[in-house]
Amino acid sequence: MTPDPGTGGHEATREAAPAPAHLGTHDSGFAFRWAYGNPEAPFTIVEFGDFECPYCGAAKPVLSELIDKSEGQVRLVWRHFPLFEPHPYALTAALAAEAAGHQGAFWPMAKLLFKNQMQLDDASIVRYGEQLGLDTTSLVGEPAQRFAEAVRTDYQDGIDAGVHGTPTLFINGEPYTDAVTVTDLRDTMGLSRTKKSWFRR
């Protein structure tokens, strides 16, 4: 069973220093290929996630709201961590998202995958690709396997970073273990303060 990200936090709220994240041992550029939000944001949330994971599905609108209302202070970087055993379609979905990303539609495909977590079979993914106007021949089956190395790299980086379940979040490279809520995430990053105060520390 996928661990609940809303449990096991510290008693005191941690603050993440505004600095660039470099999570990932292979290629720092590779690690940031699927980023959402201001590229120059002082805070980067790296999410190791699984498109079939219900907790990732629940975290999606929270993270979107956080970034959309952060006035450019936060961005999200997605890393694949498909949990193969409990989620039989997680890898299929990850490959489809990669394939869509190489057609400029990673985030639109991710939105559809999360919205339809109970329908991630090949036929459904092809249908999502058609909705997005993509070349669907690369989304599933053997053609999608050319994106497997990208998923494996993300997964191995997650293992190296101590990831066990999804979603696992890192803020500027530091593990985040409190509840995945807009309020708790903002508090951890000090976003309730004025912008000027972030840079005085």
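User: In this predicted model, how are H4 and H5 oriented to each other?

Analyst: The model is a prediction. The axes of H4 and helix H5, residues 122-131, come within 10 Å and cross at roughly 135°. Angles over 145 degrees would count as roughly antiparallel and those from 65 to 115 as roughly perpendicular. H4 and H5 are therefore oblique to each other.

User: Which residues of H5 meet H4?

Analyst: H4 passes H5 in a right-handed crossing. On the H4 side, Met109, Leu112 and Leu113 take part in the meeting. The residues of this contact divide into five nonpolar, two polar and no charged. The H5 residues that meet H4 are Ile125, Tyr128, Gly129 and Gln131.

User: Which helix gives the most to the lining of the second largest pocket?

Analyst: Helix H2 (54-68), strand E3 (74-80) and helix H4 (106-115) each supply at least two residues of the lining of this pocket. The lining includes Trp107, Ala110, Lys111 and Phe114, and these numbers fall within 106-115, the range of H4. With four residues, the helix that gives the most is H4.

User: How many residues in the lining of the second largest pocket are charged?

Analyst: Among the lining residues are Glu47, Lys60 and Lys111, and Asp, Glu, Lys and Arg count as charged. The lining also has seven nonpolar residues and one polar residue. The number of charged residues is three.

User: What is the volume of the second largest pocket?

Analyst: Rolling a probe the size of a water molecule over the atoms shows where empty space is left. For the second largest pocket, whose lining includes Tyr36, Leu76 and Trp78, the volume is about 180 Å³.

User: Which residues of H8 make the contact with H2?

Analyst: H2 passes H8 in a right-handed crossing. From H2, the contact is made by Val62, Leu63, Glu65 and Leu66. The residues on the two sides divide into six nonpolar, no polar and two charged. From H8, the residues are Val182, Leu185, Arg186 and Met189.

User: How is H3 oriented to H7?

Analyst: The axes of helix H3, residues 90-101, and H7 come within 9 Å and cross at roughly 115°. The range from 65 to 115 counts as roughly perpendicular. That makes the orientation of H3 to H7 roughly perpendicular.

User: Which residues of H7 make the contact with H3?

Analyst: The crossing of H3 and H7 is right-handed. H3 contributes Leu91, Ala94, Leu95 and Glu98 to the contact. The residues of the contact divide into six nonpolar, no polar and one charged. The residues of H7 are Ala148, Ala150 and Val151.

User: Which peptide bond is cis, with omega near -5°?

Analyst: Pro167 lies in the loop between helix H7 (148-160) and strand E4 (168-171). The cis peptide bond, with omega near -5°, runs from Thr166 to Pro167.

User: What is phi of Glu71 near?

Analyst: Glu71 is found in the loop between H2 and E3. Phi of Glu71 is positive, in a residue other than glycine. The value is near 55°.

How values were computed. Residues are numbered from 1 along each chain as its sequence is written. This is a predicted model: local features need pLDDT of at least 70, side-chain atom pairs count only at pLDDT 80 or more; totals for chains, interfaces and linings use all residues. Side-chain values use heavy atoms; hydrogens and water are left out. On a 1 Å grid over the protein atoms alone, a cavity is a set of points where a 1.4 Å probe fits but cannot get out, and a pocket is an open set with protein on both sides within 12 Å along at least five of seven lines; lining residues have an atom within 4 Å of a point. Grid points are joined across faces, edges and corners, and a volume is the space filled by probe spheres set on the points. A crossing is left-handed if the near helix is turned anticlockwise from the far one by less than a right angle, and right-handed if clockwise. Contact means heavy atoms within 4.5 Å. Axes are lines fitted to C-alpha atoms, for helices over the stretch in contact, and angles run from 0 to 180 degrees between N-to-C directions. Angles under 35 degrees count as roughly parallel, over 145 as roughly antiparallel, 65 to 115 as roughly perpendicular and the rest as oblique.
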